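Subject: Structure handover

Hello,

Here is the structure we talked about. Please take a look, then read my notes below.

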Amino acid sequence: HQLIERVVKAVAFRADGSSFFTAMDLADGRQSIQEWHASKGQLIQTLLGGANFVRDMTLHPESGELLVLAHRSRWWNTARINPKWKFGGNPGWGKFWPDSDRLFAPGGRFRLALHDLTSGKIIWKPGSANYGNVCVSSAGNVAVVTRYESTQPAHVLEWGQDGPVEIGKWMLEHGDVRLSPK
């Protein structure tokens, strides 16, 4: 395959560390997702699909299902290869929070929404469609959702007994946030 760039756009590791996935954009507009054996460096499998440029990639920590986020995001069951879910809309980031049953991913007209994978419902979405970045604390108890441009405040969420609770908002100079473990 001819690559648009010889650049790996995203990397995701299996929870047990046995293998990892890389994603690259192909010249024909598809994505090439490759699984590699972690200790041997050997190619295990290649998945072709999706559309346009890869934005992010995340693996379900228990099932190993792979979400590749792009203009046409796809969810792959890496054991069966066929996509389990497709997330439409604009690309966003994909992060599990606070556990393996809930996922930040595109949702309808929103670049980013919190999905309950068990019920298939969206359980939280920002007030505007242009929020697309998410950062989850290493402890998994806090998530911050931001916009690409800083004209709207960041949403700070904490997981409560009944689901996500917005505990604050603040303005940022830019839309990229990283949370400290402390």
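Aspartate 116 is buried, with a relative accessible area of 13%. Buried here means under 20% relative accessible area, exposed means over 50%, and partly exposed lies in between (1.4 Å probe, protein chains only). The model is predicted, so local features need pLDDT of at least 70 and side-chain atom pairs count only at pLDDT 80 or more, while totals for chains, interfaces and linings use all residues. Residues are numbered from 1 along each chain as its sequence is written, and side-chain values use heavy atoms, with hydrogens and water left out.

The partner of aspartate 116 is arginine 102: their side chains form a salt bridge at 4.0 Å, N to O. Aspartate 116 sits in strand 11 (residues 110–116) and arginine 102 in strand 10 (residues 102–107), so the pair ties together parts 14 residues apart in sequence. Strands (E, at least two residues) are DSSP runs, numbered from the N terminus. Arginine 102 is buried, at 17% relative accessible area.

How many salt bridges does a search of the whole structure find? Five. The term means a side-chain nitrogen of Lys or Arg within 4 Å of a carboxyl oxygen of Asp or Glu.

Another salt bridge joins glutamate 35 and arginine 14 (2.9 Å, N to O). Glutamate 35 lies in strand 3 (residues 31–37), and arginine 14 in the loop between strand 1 (10–13) and strand 2 (19–25). Both residues, glutamate 35 and arginine 14, are buried.

Arginine 30 meets aspartate 28 in a salt bridge too (2.9 Å, N to O). Arginine 30 is partly exposed, at 30% relative accessible area.

Best wishes

Notes. Helices (H or I, at least four residues) and strands (E, at least two) are DSSP runs, numbered from the N terminus.
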